[in-house]
Amino acid sequence: MMRAASSSPVPAAVLAAPSSASVVKPLPRAAAAGANGAVFAGRRDVLAGTGAAALLLLALGPACGAARAADEEYVSETKEVIGKVRSTISMDKSDPNVADAVAELRELSNSWVAKYRREKSLLGRPSFREMYSALNAVSGHYISFGPTAPIPAKRRARILEEMDTAEKALLRGR
């Protein structure tokens, strides 16, 4: 159902073209304040290097350093796990140390997964995704078939490919 048009006349001032003196220009986004007085900075403002962006970067300085340290820890621990997986799956099944190596790998991979799977910042990274998939395949194999059972060639090739992809992603910071 359509509403009837209002019978009140529109004031002439509304219909008239605004003069240059009556035009209100909005503040730049970096200086625009919200209802509670907070200053908002948009992505373009940050890239353009406005004062609000500089203030934001100064405020986040310590947090960025902590994030960088956590990222370096993630990279080093992930490289350690990659090395351990490669050395363990390349062991001969007749090697007397294979059961101990698999136990060490399970402990290392479980601690890596427990530490990093709750990190929201890592979930979208290709390195995390590939590592998680490879560790799942390795752990699943050894849980199902025992620590001395050799990994089939096709599964081993997929695991090694995922490790290579994860390592390349780590080098790119992803």
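## Ground rules

Because the model is predicted, local features need pLDDT of at least 70 and side-chain atom pairs count only at pLDDT 80 or more, while totals for chains, interfaces and linings use all residues. Residues are numbered from 1 along each chain as its sequence is written, and side-chain values use heavy atoms, with hydrogens and water left out.

## The overall layout

Let's start with the whole chain. It has 7 helices and 0 strands; here helices (H or I, at least four residues) and strands (E, at least two) are DSSP runs, numbered from the N terminus.

Of the 174 residues, 25% count as buried. Buried means under 20% relative accessible area, exposed means over 50%, and partly exposed lies in between (1.4 Å probe, protein chains only). Among contacts (heavy atoms within 4.5 Å) between residues at least 6 apart in sequence, 58% join residues at least 24 apart.

## Helix α4 against helix α6

Helix α4 (residues 98-116) packs with helix α6 (residues 126-145) at an angle of about 140°, and their axes are 11 Å apart. Axes are lines fitted to C-alpha atoms, for helices over the stretch in contact, and angles run from 0 to 180 degrees between N-to-C directions. That angle makes α4 oblique to α6. On this scale, angles under 35 degrees are roughly parallel, over 145 roughly antiparallel, 65 to 115 roughly perpendicular, and the rest oblique. The crossing of α4 and α6 is left-handed, meaning that the near helix is turned anticlockwise from the far one by less than a right angle (clockwise would be right-handed).

Which residues make the contact? On the α4 side they include Val-102, Leu-105, Ser-109 and Trp-112, and on the α6 side they include Met-131, Leu-135, Val-138 and Ser-139. By class, this contact has 12 nonpolar, 2 polar and 1 charged residues. Ala, Val, Leu, Ile, Met, Phe, Trp, Tyr, Cys and Pro count as nonpolar, Asp, Glu, Lys and Arg as charged, and the others, Gly among them, as polar.

Take a look at Ser-109, which is in helix α4. Is Ser-109 buried or exposed? Ser-109 is buried, because its relative accessible area is 2%. Leaving aside neighbours within four places in sequence, Ser-109 is in contact with Leu-135 and Ser-139.

## Helix α6 against helix α7

Helices α6 and α7 pack at an angle of about 155°, with axes 8 Å apart, and they are therefore roughly antiparallel to each other. Here too α6 passes α7 in a left-handed crossing. Residues of α6 in this contact include Met-131, Ala-134 and Val-138, and they meet α7 residues including Ile-159, Met-163 and Ala-166. The residues of this contact divide into 11 nonpolar, 4 polar and 4 charged.

Lys-168 is in helix α7 and is partly exposed, with a relative accessible area of 49%. The C-alpha atoms of Lys-168 and Pro-126 are 42 residues apart along the chain and separated by 9.4 Å.

## The nonpolar core

A nonpolar core is a set of buried Ala, Val, Leu, Ile, Met, Phe, Trp, Tyr and Cys residues joined through side-chain atoms within 4.5 Å. The largest one has 25 residues, of which Tyr-74, Val-85, Trp-112, Met-131 and Ile-159 touch the most other members. Helices α3 (51-89), α4, α6 and α7 (153-171) each supply at least two residues of this core, and α6 gives the most, with 7 residues.

Not counting residues up to four places away in sequence, Val-85 touches Leu-105, Leu-135, Val-138, Ile-159 and Met-163.

## A residue in a loop

Gly-124 lies in the loop between α5 (120-123) and α6. Gly-124 is exposed, with a relative accessible area of 59%. The C-alpha atoms of Gly-124 and Arg-174, 50 residues apart along the chain, are separated by 8.9 Å.
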